[in-house]
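This briefing presents selected local features of one protein chain, grouped by topic. Please keep the sequence and the structure at hand while reading.

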Amino acid sequence: MVQMEVRLPPEMEADDLKARERARSQELQRDGSWVHLWRVAGRYANVSVFDVGSPDELHELLSSLPLFPYIDAHVTALARHPSKLDQPTEEERRLMSERANQLISDILRRVHEAIVENEVTYEEYQAVKQWFIDVGEAGEWPLFGDVYIEHVVEKNAFGDRAGSQGTILGPFHLPDAPVLEAPYELPRRPDEQGDRTVVTGRVTDTDGNPLAGANLDVWQADASGAYSGFMPGPPEGNLRGQVRTRDDGRYEFRTVIPGPYTIPLDGPTGRLTAAADWSPWRPSHIHLIVSAEGHEPLVTQLFIDTSDYLHDDVASAVKDELIVHPEPTGKGDELGFSYDFVLAPIHAPVPVG
Ligand SMILES: [Fe+2]
């Protein structure tokens with residue numbers, strides 16, 4: 001457990017530093033090493049639980065935080081308590097290791113086959129090992145996974161689910177975006193570039209009943225393809241927000257048409273992409289998580305029909321059902337498109353025994 005107090009010099013301009021801190025902290029939360037994070041009410045401080053193998057590893061992790069030079073950290077080592085009730089049972093432990101054995105053996109067997117079939121040399125093996133190290137050091141495992149692996153997990157897990165199609169979450173979601181007030185408009189700069197557009201539609205259950213008060217957590221790149229909180233340019237919170245449906249299940253929000261973007265080209269994921277001569281581009285899209293009580297949350301993206309790269313998305317996340325067609329609304333230069341979301345009922349747990 002680490003208690004962290006942040007002491008920034010009062011005159012310091014720290015927006016960029018805070019954005020990088022947030023991105024790094026979420027990366028560590030996603031990779032499972034930052035297990036819990038609580039804000040200390042009324043202070044610029046937090047209490048966090050990290051899952052690390054050694055004090056050295058913890059130090060390395062803390063010193064990778066952009067705010068590290070300004071953090072007073074107090075560390076308390078915690079161990080699992082034998083009386084804690086939610087420890088896995090013997091049976092659960094056995095099932096988990098059977099699953100791990102099955103999955104790891106299968107993946108390794110296929111890697112071994114690829115090595116033999118492609119006559120991989122020792123030099124290539126050493127280059128791959130260095131690339132693994134580089135991906136870890138650059139903190140790009142979430143990026144690599146979301147770009148090259150997640151689409152298969154998503155299709156496999158949710159392809160047959162009732163309701164609207166989902167697609168990958170990707171690495172640029174930030175939880176706790178502000179709940180906006182109607183009439184909804186994603187926060188943007190006064191001089192925000194990009195075509196103004198209004199997005200409308202309904203959220204219903206699979207029987208067509210409207211879902212009132214459903215939440216749409218929306219995030220997108222700006223017209224130049226940059227995400228706030230991750231890339232230089234847009235201020236914190238730009239083009240991110242939560243929108244609610246009305247009593248009739250309808251929603252409406254205003255935003256701008258996002259631009260296409262590449263995955264970062266200068267890191268190891270970009271180098272792998274260039275080495276294989278693949279396109280690093282993602283087409284223009286708006287991300288959403290649509291949720292309502294009693295229903296499975298829908299993680300999805302809406303793709304702009306006029307965008308380049310719809311057919312060679314580096315993340316393989318485009319589905320025909322998710323392509324939208326903005327048209328002029330007749331109100332000045334404004335474009336508009338509509339999309340109805342259908343949410344599946346929450347998956348009931350299968351009774352055991
Ligand atoms: Fe995206």
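The model described here is a predicted one.

**Salt bridges**

- The Asp-222 and Arg-189 pair links distant parts of the chain, 33 residues apart. Asp-222 belongs to the loop between strand E7 (215–220) and strand E8 (240–244), while Arg-189 belongs to the loop between strand E5 (184–185) and strand E6 (196–205).
- Asp-222 counts as buried, with a relative accessibility of 5%.
- In the structure, the count of salt bridges comes to 21.
- One of them joins the side chains of Arg-7 and Asp-72, with an N to O distance of 2.7 Å. This pair also links distant parts of the chain, 65 residues apart: Arg-7 is in the loop between strand E1 (2–6) and helix H1 (15–30), and Asp-72 is in strand E4 (residues 71–75).
- Asp-72 is partly exposed, its relative accessible area being 35%.
- Arg-254 and Glu-334 meet through their side chains in a salt bridge of 2.8 Å, N to O. Arg-254 lies in strand E9 (residues 250–256) and Glu-334 in the loop between strand E15 (327–328) and strand E16 (335–338), so this pair ties together parts that are 80 residues apart in sequence.
- Arg-254 counts as partly exposed at 24% relative accessibility, whereas Glu-334 counts as buried at 11%.

**Aromatic pairs**

- A search of the whole structure finds 17 aromatic pairs.
- Trp-131 and Phe-132 form a tilted pair, because their ring planes meet at 55°; the ring centres are 6.0 Å apart.
- Trp-131 is buried, with a relative accessible area of 14%, whereas Phe-132 is partly exposed, with 44%.
- Trp-131 also pairs with Phe-144: the ring centres are 5.3 Å apart and the planes are at 75°, so this pair is edge-to-face. Trp-131 lies in helix H4 and Phe-144 in helix H5 (residues 141–148), so the contact ties together parts that are 13 residues apart in sequence.
- Phe-144 is buried, its relative accessible area being 15%.
- Ring pairs link Trp-131, Phe-132, Trp-141, Phe-144, Tyr-148 and Trp-278 into a cluster.

**A nonpolar patch on the surface**

- Ten residues can be located here: Leu-103, Ile-104, Ile-107, Leu-108, Val-111, Ile-115, Val-116, Val-120, Tyr-122 and Tyr-125 form a nonpolar surface patch, with about 950 Å² of accessible area together.
- Which helices each supply at least two residues of the patch? They are helix H3 (90–117) and helix H4 (122–137). The largest share, seven residues, comes from H3.
- Tyr-125 is found in helix H4 and is partly exposed, with a relative accessible area of 43%.

- His-287 is placed in strand E12 (residues 285–291).
- Is His-287 buried or exposed? At 2% relative accessibility, His-287 counts as buried.
- The side chains of His-287 and His-285 are joined by a polar contact of 3.0 Å.
- Leaving aside residues up to four places away in sequence, His-287 touches several others, among them Ile-168, Asp-217, Trp-219, Tyr-227, Tyr-261, Arg-282 and Gln-301.

**Backbone features**

- The peptide bond from Ala-182 to Pro-183 is cis, with omega near -5°. Pro-183 lies in the loop between helix H6 (150–158) and E5.
- Leu-239, a residue other than glycine, has a positive phi near 55°. Leu-239 is found in the loop between E7 and E8 and is buried, with a relative accessible area of 1%.
- Asp-277 likewise has a positive phi, near 60°. Asp-277 is found in the loop between helix H7 (268–275) and strand E11 (281–282) and counts as exposed at 70% relative accessibility.

How values were computed: Residues are numbered from 1 along each chain as its sequence is written. Side-chain values use heavy atoms; hydrogens and water are left out. Patches are made of residues with over 30% relative accessible area and no salt bridge: like charges are joined within 9 Å, nonpolar side chains (Val, Leu, Ile, Met, Phe, Trp, Tyr) within 5 Å. Accessible areas come from the Shrake-Rupley method with a 1.4 Å probe; for residues, only the protein chains shown count as cover. A salt bridge is a side-chain nitrogen of Lys or Arg within 4 Å of a carboxyl oxygen of Asp or Glu. Helices (H or I, at least four residues) and strands (E, at least two) are DSSP runs, numbered from the N terminus. Buried means under 20% relative accessible area, exposed over 50%, partly exposed in between (1.4 Å probe, protein chains only). A polar contact is a pair of N or O atoms within 3.5 Å; within protein, one must be able to donate a hydrogen and the other to accept it, and residues adjacent in sequence count only if both atoms are side-chain atoms. Contact means heavy atoms within 4.5 Å. Rings of Phe, Tyr and Trp (its six-membered ring) pair if their centres lie within 6.5 Å; planes under 30 degrees apart count as stacked, over 60 as edge-to-face and the rest as tilted.
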